[in-house]
Amino acid sequence: MSALHPSPAATADHSVGTVLRKPHLLVREMLAGVVTALALIPEVISFSVIAGVDPKVSLIASVVLCLAMSFLGGRPAMVTAAAGSVALVIGPMVHLHGVQYILPAVVLAGLIQILFGVLGMARLMRFIPAAVMTGFVNALGILIFFAQVPHFWGKSPLIWGLFILTLLIVLWLPRFIKNIPAPLVAIVLLTVFTVTSGQLLPTVGDEGSMRGGLPGLTQLLVPLNGQTFAIIWPCALSIAFVGLMESLLTARLVDDLTVTPSNKNRESAGLGIANILAGFYGGIAGCAMIGQTIVNVEMGKGRSRLSTLAAGLVLLLLVTALSEVMAKIPMSVLAGIMVIVAVKTFSWHSITPAALVKMPVTETLVMLITVAVTVSTGNLAIGVVAGVMMMLVLPRIVRCKQVVTSETASPDQEK
C-alpha cells in the first residue's frame, strides 16, 4: 500500500493522552514540531511582504494561530499560520487604506468563520467543482510568482546570483538531506555569506522592524462606523472564504494521508476564534498551510495536536531569540524560495495536452475563467465565486446550443 494511503492498522490511536504515555511517540511528535517550525519561517516572512506588513507581525500571528488551533482545530496535526492566500487578500486593502484596517477586517472575518462552523455549513465546501479548485490553485501560484518578481528582476548580478543559488539549493538539497528543510538551509548559508562578505543588499530588516521581544495587544486605530465597514467588508469576506476553503481542503488531504476523520465544523469555528486572537495579538489572519502540513505529517510523522503545539512554541522561541538574525536575510533569497512555492503550487498536470483532451470543454473554460478573474482582480474569493457561477451557467449554454444545432440540422418532417 502506498505511503499516501497507509492501512488502518498502521494508524493507531494518536490522541494526546496516548502520546504522553508513550515516550517514543512523544519524541516523534516533538521533532515533527521542530521541523515544521523551521519550515514555517521563510514562507511566513515572505508572505508578510506580500501582505504589506512587518515580518514580525506575521511571525507572531503565526505563533498565535498555531498554538490556538492546536487546541481549537478539528484536524489534529494540521498546521495553521499566516498563509500566502490570506496575505494576497489583505495586501490590496493595506496598500490602499493602511495597516490600521487589518484588525477590524480580521475580526469580522473571524466572526464569519465562527458562524460558518456553528451553522454546520462546512460541508458545503465539498460542492465546489474540481475545475474551480484547479483554477484557484493555478491562480494562487501565478499571483505568488509575480509578487516576487520585483525582488530580483532588473537587479544587480549579485542579487541574481543569490536568487539562482537559492533555487538550486531548494531543488537539489532534498535529494541528499531529508531531515532539514532545504529553504532553511538556503536562508542560513546565503545569509551568512552576505553578512560575512559585507555585501549591502535589500534584506528583511528593510521591510520593517524585527526587534526582539513580544508585542502588546493590537490597538484599534480606526472608528467603528459605516465608512470603516465599507472599507473592510470585501476584504473580510475574502479572508473568511479563502481561509475556510484552504483549511477545509487541507483537512480533507490530511484525512486521506492519515486515514483518520476530522471535524470540519469545529475546524471552521476554531479558525474563526484563532484569527480573532491573532488579530488582537499579532495583527494578521491565516489559515492552514498545505506545504507545512505535509512537512509535519509526512516528513515528521506528526499525528497529534502535540506536534503543532511544539511547532508554535519553537517558532515563538525562534522569533524572540533570533529576530536580529532574521532581519539580515536577503530578500532575493526569500524571492527564490517563494518562486519554488509558486511553481509547486501551480497544477502543471491541468494544462498538459493529455489532461486537456480528457477534460470536458466546459470544465477547461471554468478553470481558465477562474484563473483570469483571480489574477485580474488579485482576489482569490472573487475568482472562485466567478468560477462557480460559470460552472452553473456554461453547461446550460452548451446544452441550449446543442439543441438549436440539432433542430437546425434535422429536416422538417412535415414538408
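Q: What makes Phe163 count as buried or exposed?
A: In this predicted model, Phe163 has a relative accessible area of 5%. Buried means under 20%, so Phe163 is buried.

Q: How do you know whether Phe152 is buried or exposed?
A: The relative accessibility of Phe152 is 4%. That value falls under the 20% cut-off, so Phe152 is buried.

Q: Why is the pair of Phe152 and Phe163 called stacked?
A: The ring centres of Phe152 and Phe163 lie 4.1 Å apart, and the planes stand at 15 degrees. Rings pair if their centres lie within 6.5 Å, and planes under 30 degrees apart count as stacked. Both conditions hold, so the pair is stacked.

Q: What parts does the pair of Phe152 and Phe163 tie together?
A: Phe152 sits in the loop between H6 and helix H7 (157–172), while Phe163 belongs to helix H7, so the pair joins parts that are 11 residues apart in sequence. Ring pairs also link Phe152 and Phe163 with Trp153 and Trp160 into a cluster.

Q: Why is the pair of Phe346 and Trp348 called tilted?
A: The centres of these rings are 4.6 Å apart, with the planes of Phe346 and Trp348 at 45 degrees. Stacked requires under 30 degrees and edge-to-face over 60.

Q: What makes Trp348 partly exposed?
A: Trp348 has a relative accessible area of 47%. Buried means under 20% and exposed over 50%, so 47% places Trp348 in between, as partly exposed. Phe346, at 14% relative accessibility, counts as buried.

Q: How do you know which class Cys235 and Cys287 belong to, buried or exposed?
A: Cys235 has a relative accessible area of 7%, and Cys287 has a relative accessibility of 0%. The cut-off is 20%, so both cysteines are buried.

Q: How many disulfides does the structure hold?
A: The structure holds zero disulfides. A disulfide needs a pair of cysteine sulfur atoms within 2.5 Å.

Q: What makes up the lining of the largest cavity?
A: The lining divides into four nonpolar, four polar and three charged residues. Helix H3 (55–72) and helix H13 (305–321) each supply at least two of the lining residues. The volume of this cavity is about 50 Å³.

Q: Which residues lie nearest the centre of the largest pocket?
A: Ile290, Gly291, Gln292, Ile294 and Lys344 lie nearest the centre, out of 40 lining residues. The lining of the largest pocket divides into 27 nonpolar, eight polar and five charged residues. The pocket volume is about 1300 Å³.

Terms used
Residues numbered from 1 in each chain as written. Predicted model: local features only at pLDDT ≥ 70, side-chain atom pairs only at ≥ 80, totals over all residues. Heavy atoms only, no water. 1 Å grid on protein atoms, 1.4 Å probe; cavity = no way out; pocket = protein on both sides within 12 Å on 5 of 7 lines; lining within 4 Å. Points joined across faces, edges and corners; volume = space filled by probe spheres on them. Helix = DSSP H or I, 4+ residues; strand = E, 2+ residues; numbered from the N terminus. Nonpolar A, V, L, I, M, F, W, Y, C, P; charged D, E, K, R; others polar. Buried < 20%, exposed > 50% of the residue type's maximum accessible area, 1.4 Å probe, protein only. Phe/Tyr/Trp six-rings, centres within 6.5 Å; stacked < 30°, edge-to-face > 60°.
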